[in-house]
Amino acid sequence: MTPPEAPEDGTNQPRVKPPAASVCAHEILTVLQNRSDFLKAARAKRHGTASMMVQARKRGTDEATGIRVGFTCSKKVGNAVARNRAKRRLREAARAVLPIQGREGWDYVLIGRAEVTAARPFEALKDDLRFALRKVHGAK
């Protein structure tokens with residue numbers, strides 16, 4: 001093991017790396033956990049892409065604030081390992097895209113697709129989410 005490099009400012013404190021990009025999200029996304037929130041999103045707008053289905057609904061003024069997001073994968077995606085891998089990838093894509101292109105006061109549910117969500121290149125996965133958000137919000 002090599003010792004940490006001495007900093008250039010002359011102190012004896014080792015350098016600390018900044019946290020990963022996903023930890024430094026612009027806004028904190030609230031995760032949906034109640035079944036009723038998922039059911040409300042299922043009755044709202046939706047758009048499918050090659051790697052996921054995105055459901056989105058505008059919340060009422062008396063409900064929670066901020067951007068809320070939920071993730072789900074059915075057993076069609078595969079066993080627990082495959083479903084969890086697909087959801088982890090959807091979570092990272094949401095952390096990268098939703099603070100920028102998501103809208104305040106909306107709930108989003110991202111649904112993984114069998115064999116595609118886990119295998120799709122990550123940049124293409126984020127592009128799919130951006131495209132679905134544009135379609136759901138009515139932009140061309």
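Predicted model: local features only at pLDDT ≥ 70, side-chain atom pairs only at ≥ 80, totals over all residues.
**Reading salt bridges, rings and a helix face**

Tutor: Start with one contact. Arg 59 and Asp 107 join their side chains in a salt bridge (2.5 Å, N to O). The two residues are 48 apart and link distant parts of the chain: Arg 59 lies in the loop between E3 and E4, Asp 107 in strand E5. Helices (H or I, at least four residues) and strands (E, at least two) are DSSP runs, numbered from the N terminus.

Student: What counts as a salt bridge, and how many does the structure hold?

Tutor: Side chains of opposite charge can pair when their charged atoms come close. The cut-off is a side-chain nitrogen of Lys or Arg within 4 Å of a carboxyl oxygen of Asp or Glu. The structure holds 9. Salt bridges also link Asp 37, Arg 57, Arg 59, Glu 63, Arg 68 and Asp 107 in a network.

Student: Are Arg 59 and Asp 107 buried or exposed?

Tutor: Both are buried. Buried means under 20% relative accessible area, exposed over 50%, partly exposed in between (1.4 Å probe, protein chains only).

Student: How is an aromatic pair read?

Tutor: By the distance of the centres and the angle of the planes. Rings of Phe, Tyr and Trp (its six-membered ring) pair if their centres lie within 6.5 Å; planes under 30 degrees apart are stacked, over 60 edge-to-face, the rest tilted. The count here is 1 aromatic pair. Trp 106 and Tyr 108 have ring centres 6.3 Å apart and planes at 15°, so the pair is stacked. Both residues are buried.

Student: Which residues of helix H1 are buried?

Tutor: In H1 (residues 35-42), they are Asp 37, Phe 38 and Ala 41. Their arc around the axis is only 100°, which puts them on the same side of H1. The arc is taken from the directions from the helix axis to the C-beta atoms.

Note on methods. Residues numbered from 1 in each chain as written. Heavy atoms only, no water.
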